[in-house]
Every structure is written in C-alpha cells, then in structure tokens.
Amino acid sequence: MNSESQRRCGTCLCGENRFEVAGHIKGIGQCHCSKCRKVSGTGGNAVFLVPVPRFRWLSEDVKRKQFQLQSGWRTCRCTECGSPLPESHDGKRFWVQAGLMDEPLNTKIKTHIFCGSRADWDQEANDARHFDEMMLS
Ligand SMILES: [Zn+2]
Ligand SMILES: [Zn+2]
C-alpha cells in the first residue's frame, strides 16, 4: 500500500466518535498558546492538517459539542467522554489532534507555534525520569 492510499483511524476516548484520515501526514504542529493549554489541560495541542476530502467521519451519529469564545476561537468535544475532536475552521482543512490517532503516523513534531506564551514548566528537566508505564512507588 503506498502512502497516498493509506488510511489511518482516530477515535475519542470512549470510541463514540471515529474518523479516518487518508494519505500522507506531512508533520505535526504543537501549539503552546494559553487556549490550547486550557482545553488540553497540559502544555498545548499537537495537531496536523488534512484537506477536507481526505477526512471522513466513520461514526454515523457524531456525538460532539462545540464551545466558542466571543472572539470566535472554538473547540469541539465528544459529548460522552470530553475528548477534543477534529473540526474544520475554514471549510478546506480539518485540524486533527494527533493524540486521537490509533496508528503510527510516520511523522514528527515539525512546528511549534505560540512559543512566546509557552508555560514556564513546558520543558523537560535534564534529569527527568522516564518509565515505560506508570511510575513505580
Ligand atoms: Zn468520546
Ligand atoms: Zn493554540
């Protein structure tokens, strides 16, 4: 299967919202802005862009709810589990949260934006400890 015909599935935490992305994924963009920090509860959002024709919802009855600020900035959530969900802001491309994908993406984080408002803790200590699973006490 060549990269252009490859299809990858994504799901929210509860699995009610399922979607499919076709073709090559160029790269992941990490946003460190204050809004993405709030909606993710962590350092920001990691997303990639997909042209609308290459994005498809697989679940028939999409359970999602949109929240919009007065400025127009908005985010979409699963109504069951609260996971963030892909949406299109311009009718041309879908913003897809990389963490929703269930398969390897064969790409990396290639862009960081809103680094100027990055949280002071959003960096790794040189001696940060890493565990394959939950930290043992
Ligand atoms: Zn869900
Ligand atoms: Zn952001």
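Two strands count as paired if DSSP finds at least two bridges between them. Keep that in mind for the close-ups below, which come from a predicted model.

**View 1. Strands E1 and E2 lie side by side as an antiparallel pair.** Five bridges join E1 and E2, so this pair meets the requirement of at least two. For one place to look along the pair, find Thr11, which stands opposite Arg18 in E2.

**View 2. E1, E2 and E5 make up an open sheet of three strands.** The strands follow the order E1-E2-E5, and their pairing is antiparallel. Which strands form the edges? They are E1 (7-11) and E5, each of which pairs on one side only. On average, neighbouring strands in this sheet are turned by 25° against each other, direction ignored.

**View 3. Four cysteines hold the zinc ion (ligand 1).** Cys12, Cys14, Cys78 and Cys81 each coordinate the ion through their SG atom, at 2.3 to 2.4 Å. What is the geometry of the site? It is tetrahedral, with angles of 104 to 113° among the four donor atoms. For comparison, the ideal angle for four tetrahedral donors is 109.5 degrees. Along the sequence, the donor residues are spaced C-x1-C-x63-C-x2-C. Cys14, in the loop between E1 and E2, and Cys81, in the loop between E7 and strand E8 (87-88), are 67 residues apart, and this pair links distant parts of the chain. Cys14 counts as partly exposed because its relative accessibility is 39%, and Cys81 also counts as partly exposed, at 26%.

**View 4. Ser83 sits in the loop between E7 and E8.** Is Ser83 buried or exposed? Ser83 counts as buried because its relative accessibility is 10%, and buried means under 20%. Leaving aside neighbours within four places in sequence, Ser83 is in contact with Cys12, Leu13, Cys76, Arg77, Cys78 and Leu100.

**View 5. The largest nonpolar core brings together 18 residues.** Phe19, Val21, Phe48, Phe55, Val96, Met101 and Leu105 touch the most other members. Among the elements that give two or more residues to this core are strand E2 (18-22), strand E4 (45-51) and strand E9 (93-97). In soluble globular proteins, nonpolar side chains tend to be buried together.

**View 6. Phe19 has contacts reaching beyond its sequence neighbours.** With residues within four places in sequence left aside, its contacts include Arg8, Thr11, Phe55, Trp57, Pro86, Val96 and Met101. Of these, Phe55, Val96 and Met101 also belong to the core.

Definitions and conventions
Residues numbered from 1 in each chain as written. Chains lettered and ligands numbered in written order. Predicted model: local features only at pLDDT ≥ 70, side-chain atom pairs only at ≥ 80, totals over all residues. Heavy atoms only, no water. Core = buried A, V, L, I, M, F, W, Y, C linked by side-chain atoms within 4.5 Å. Buried < 20%, exposed > 50% of the residue type's maximum accessible area, 1.4 Å probe, protein only. Helix = DSSP H or I, 4+ residues; strand = E, 2+ residues; numbered from the N terminus. Contact = heavy atoms within 4.5 Å. Axes fitted to C-alpha atoms, helices over the stretch in contact; angles between N-to-C directions. Donors = N, O, S within 2.8 Å, 3.2 Å for Na, K, Ca; no water. Tetrahedral: all angles 85-135°; square planar, octahedral: opposite > 155°, others 65-115°.
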